Amino acid sequence: MSQPATTPDALDAPRTPDAPDPLQALDALGPKGPYRSRHRLTISDVTGTPMAELSLVPRLFVTRALAALRAAATPPLEERLAALKRAGELFATGTVAGMTAAAYESAVCRMSGTPLANVRIAVEAIRLSATEAYRSVQAARPVGAVGDWRDPYARGGTAVWIRRGDVFAVHAAGNHPAVHALWLEALALGYRVAVRPSRREPLTPYRLVSALREAGFGTDQVVLLPTDHDAAGEILHGADLSMVYGGQEVIDRYAADPAVLPNGPGRSKILLTADREWRDHLDVVVDSIARHGGTACVNATAVLVEGDPAPVAEALAERLAALPSLPPQDETAVLPVHPVETARGFERLLLGKAAGARAWLGGDGVVDDLGDGSAALRPAVLQLDDPRDPRLGMELSFPCVWVAPWTRAAGVAALRDSLVVTAITGDEALLDALLAEPSIKNLYIGDHPTHWIAPGIPHDAYLGEFLMRTKAVIRG
């Protein structure tokens with residue numbers, strides 16, 4: 001089978017002016033092994049320097065790969081779980097496809113602009129997810145259901161928790177490496193998995209699928225299928241169930257499709273009511289906005305304040321303004337980095353929406369040119385006058401927060417359509433109402449940042465709720 005054209009560690013080697021950087025070959029990982037296509041896409045780092053060539057497979061390759069997954073047998077549970085644990089450790093600490101863990105972390109920083117500290121957080125999240133995948137999915141199993149028809153409870157009749165299909169496809173996002181932690185649960189449940197990587201950052205899924213294969217999963221159990229847009233739909237069409245990432249347009253496109261689980265903007269929020277001293281909670285608010293470089297769906301993008309929001313906005317601006325602009329591979333970097341023109345696009349989008357808002361930070365722009373073709377996106381803090389302002393639902397891929405007043409009359413309606421609401425309040429009736437609101441997916445009460453998550457805790461409900469169903473069984 002085809003092999004990488006260069007040693008991957010060479011991506012992190014010192015460069016000389018006379019020698020061009022080698023390009024790593026990121027092959028498709030099909031059911032017969034690595035596949036290098038004629039149609040390849042150059043992946044550059046945030047400075048515009050080419051780093052890798054990603055093989056894009058045609059529609060026919062996708063069709064045949066999914067057919068191979070469908071024809072494959074599911075390995076026994078204990079084998080799957082042991083292989084997942086090995087893969088998690090290998091991904092986090094080992095040499096995979098010729099690339100050390102340190103070289104991977106450095107390369108993914110340069111490729112995606114994700115700060116090094118955040119990449120390391122993501123690596124640990126993926127390792128932990130691989131280790132705890134089965135325990136996490138079992139948290140989703142109904143208490144009245146068992147996992148096998150051989151269970152003694154089936155003698156008197158019971159529900160058995162079964163898969164809704166055999167092949168699960170993922171159209172992955174590239175905003176943060178940790179998005180790849182979730183689909184490991186499908187492997188724990190016995191699905192065969194096809195991953196279409198993001199063109200922005202295909203290195204993480206390439207490394208993870210390679211680690212899974214090295215750890216014991218067969219080439220007919222998990223595949224990596226980079227495609228162009230024309231063939232992307234074939235992956236969804238050929239799978240039993242799929243998970244896709246994107247903006248509101250993706251949510252709208254697949255909202256009525258029971259076979260597709262769309263993941264879109266988080267629009268996570270923080271509520272500060274008057275019975276709590278907001279200064280005592282400023283650390284958790286800043287952390288909710290800035291952790292992960294502000295790129296995750298669980299980052300807070302709106303803060304609602306009962307009372308005057310100006311002092312809160314001013315304090316947030318002061319704290320966020322102190323964050324340094326640094327290349328992503330710097331150990332102390334915290335802000336996301338993009339090619340300059342991409343960063344300018346985010347800035348234009350923000351400034352176009354900021355009319356009429358009071359800009360405590362970022363009003364003159366958020367692009368900090370690093371002088372090498374890349375730019376850090378600086379934080380923005382903007383104050384609005386109305387909790388019903390639709391800009392409270394605006395989510396950008398850097399620390400950008402909208403601060404607005406909140407009143408009892410505005411109520412729960414101002415907090416709807418949120419992946420997470422952190423409610424810093426002692427009002428139990430309000431907490432009851434927030435918990436009952438269907439469009440608020442997660443409710444954190446008190447000093448808990450919006451980005452908090454742990455194995456066994458649902459993100460946007462349990463993935464197992466989508467992948468599994470119950471079937472009545474009775475036996476003699």
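Me: Which aspartate forms a salt bridge with arginine 319?

Reply: This is a predicted model, in which local features need pLDDT of at least 70, side-chain atom pairs count only at pLDDT 80 or more, and totals for chains, interfaces and linings use all residues. Residues are numbered from 1 along each chain as its sequence is written, and side-chain values use heavy atoms, with hydrogens and water left out. A salt bridge is a side-chain nitrogen of Lys or Arg within 4 Å of a carboxyl oxygen of Asp or Glu. With the closest N and O atoms 2.9 Å apart, the partner of arginine 319 is aspartate 283.

Me: How many residues apart in sequence are the parts that arginine 319 and aspartate 283 tie together?

Reply: Helices (H or I, at least four residues) and strands (E, at least two) are DSSP runs, numbered from the N terminus. Arginine 319 belongs to helix α10, while aspartate 283 belongs to helix α9 (residues 282-290). The pair therefore ties together parts whose separation in sequence is 36 residues.

Me: Is aspartate 283 buried or exposed?

Reply: Buried means under 20% relative accessible area, exposed over 50%, and partly exposed in between (1.4 Å probe, protein chains only). Aspartate 283 has a relative accessibility of 54%, so it counts as exposed.

Me: What is the relative accessibility of leucine 316, and does it count as buried or exposed?

Reply: Leucine 316 also lies in helix α10, which covers residues 310-321. Its relative accessibility is 0%, so leucine 316 counts as buried.

Me: Which residues is leucine 316 in contact with, leaving aside neighbours within four places in sequence?

Reply: Contact means heavy atoms within 4.5 Å. Valine 401 is 85 residues from leucine 316 in sequence, but the two are 9.2 Å apart in space, C-alpha to C-alpha. With neighbours within four places set aside, the contacts of leucine 316 are Leu282, Val285, Val286, Ile289, Val303, Val381 and Val403.

Me: Where do arginine 135 and glutamate 132 both lie?

Reply: These two residues form a salt bridge, with 2.8 Å between the closest N and O atoms. Arginine 135 is partly exposed at a relative accessible area of 49%, and glutamate 132 is partly exposed at 21%. They are three residues apart, about one turn of the helix, and both lie in helix α4 (residues 116-138).

Me: Is arginine 192 buried or exposed?

Reply: The side chain of arginine 192 meets that of aspartate 166 in a salt bridge of 3.9 Å, N to O. Arginine 192 is in strand β9 (residues 192-196) and aspartate 166 is in the loop between β7 (158-163) and β8, so the pair ties together parts 26 residues apart in sequence. Aspartate 166 is partly exposed at 28%. Arginine 192 has a relative accessibility of 3%, so it counts as buried.

Me: How many salt bridges does the count come to?

Reply: Some are joined into a network, which links Arg59, Asp230 and Glu234. By the rule given for salt bridges, the count comes to 25.

Me: Which residues does alanine 172 touch, not counting residues up to four places away in sequence?

Reply: Alanine 172 is in the loop between β8 (167-171) and α5 (184-188). It has 13% relative accessibility and so counts as buried. Methionine 243 is 71 residues from alanine 172 in sequence and 8.0 Å from it in space, C-alpha to C-alpha. The residues that alanine 172 touches are His180, Val195, Arg196, Pro197, Ser198 and Tyr245.

Me: Which residue in β18 is the bridge partner of valine 337?

Reply: Strands β15 and β18 (residues 374-377) pair in the antiparallel sense over three bridges. The bridge partner of valine 337 in β18 is alanine 376.

Me: What is the phi of aspartate 417?

Reply: Most residues other than glycine have a negative phi. Arginine 267, in the loop between β12 (260-263) and β13 (268-272), has a positive phi of about 50°. Aspartate 417 is in the loop between β20 (400-406) and β21 (418-424). Although it is not a glycine, aspartate 417 has a positive phi of about 60°.

Terms used:
Two strands pair if DSSP finds at least two bridges between them.
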